[in-house]
Amino acid sequence: MPFMEKEKYQLSSRCRLHPSNEIFRDQEEHKIHVDLNEWRCGYCKKVFRAEKYLDQHFDNRHYNLLNVVSGSVFTFLSI
Ligand SMILES: [Zn+2]
């Protein structure tokens with residue numbers, strides 16, 4: 001479902017601009033910048049060549065972990 005994937009990506013990109021975003025902060029804490037072209041996922045230790053791939057990986061592989069927090073955040077944003 002490419003459309004769903006796109007929606008999800010846009011949602012997370014927009015949230016990133018919000019300074020008090022709990023989801024993004026949680027992601028940041030699990031981004032390990034090993035080297036110039038080496039980013040490691042703090043959840044599963046997988047390594048990526050660029051930060052954007054790690055971002056995509058979070059959206060694709062760990063969205064369930066991030067969604068645990070998202071409920072309260074989106075409620076807060078919609079008020
Ligand atoms: Zn991972």
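This note goes through the fold, the zinc site and the salt bridges of the structure in numbered points.

1. Basis of the note. The model is a predicted one, in which local features need pLDDT of at least 70 and side-chain atom pairs count only at pLDDT 80 or more, whereas totals for chains, interfaces and linings use all residues. Residues are numbered from 1 along each chain as its sequence is written, and side-chain values use heavy atoms, with hydrogens and water left out.

2. Overall fold. The protein has 4 helices and 3 strands, and along the sequence these follow the pattern α-α-β-β-β-α-α. Helices (H or I, at least four residues) and strands (E, at least two) are taken as DSSP runs and numbered from the N terminus.

3. Of the 79 residues of the protein, 23% count as buried, where buried means under 20% relative accessible area, exposed means over 50%, and partly exposed lies in between (1.4 Å probe, protein chains only). The accessible surface comes to about 5,900 Å², and carbon and sulfur atoms hold 57% of that surface; the areas come from the Shrake-Rupley method with a 1.4 Å probe, and for residues only the protein chains shown count as cover. Among the contacts in the protein with a separation of 6 or more, 34% are between residues 24 or more positions apart, a contact being heavy atoms within 4.5 Å.

4. The 3 strands form an open sheet in the order 1-2-3, with antiparallel pairing. Strand 1 and strand 3 (47-48) stand at the edges with a single partner strand each, so one side of each is left without a neighbour in the sheet. Strands of a sheet pair through backbone hydrogen bonds, either parallel or antiparallel; here two strands are said to pair if DSSP finds at least two bridges between them.

5. The hairpin. Strand 1 (residues 31-35) and strand 2 (residues 38-41) pair in the antiparallel sense over 4 bridges, and a hairpin of 2 residues joins strand 1 to strand 2. Within this pairing, Ile-32 has Arg-40 of strand 2 as its bridge partner, while Lys-31 has Cys-41 of strand 2. Both Lys-31 and Cys-41 return in the points below, Cys-41 as a zinc ligand and Lys-31 as a salt-bridge partner.

6. The zinc site. The zinc ion is coordinated by Cys-41 (SG), Cys-44 (SG), His-57 (NE2) and His-62 (NE2), at 2.0 to 2.3 Å. Donors are N, O and S atoms within 2.8 Å of the metal (3.2 Å for Na, K and Ca), and since water is not among the atoms, sites may look incomplete. Along the chain the donors of the zinc ion follow the spacing C-x2-C-x12-H-x4-H. The arrangement is tetrahedral because the 4 donor atoms subtend angles of 103 to 121° around the zinc ion; four donors count as tetrahedral if all angles lie between 85 and 135 degrees.

7. Side chains of opposite charge can pair when their charged atoms come close. The structure holds 4 salt bridges, each defined as a side-chain nitrogen of Lys or Arg within 4 Å of a carboxyl oxygen of Asp or Glu. One of them joins the side chains of Lys-31 and Glu-51 (2.9 Å, N to O), and this pair links Lys-31 in strand 1 with Glu-51 in helix 3, distant parts of the chain 20 residues apart. Another joins the side chains of Lys-31 and Asp-55 (2.9 Å, N to O); Lys-31 lies in strand 1 and Asp-55 in helix 3, so this pair ties together parts that are 24 residues apart in sequence. Lys-31 counts as buried at 11% relative accessibility, as does Asp-55 at 7%, whereas Glu-51 is partly exposed at 32%.

8. Salt bridges that share partners join Glu-28, Lys-31, Glu-51 and Asp-55 into one network.

9. Position of Asp-55. Asp-55 lies in helix 3 (residues 51-61). Asp-55 and Phe-24 are 31 residues apart in sequence, with 10.0 Å between them in space, C-alpha to C-alpha.

Terms used. Tetrahedral: all angles 85-135°; square planar, octahedral: opposite > 155°, others 65-115°.
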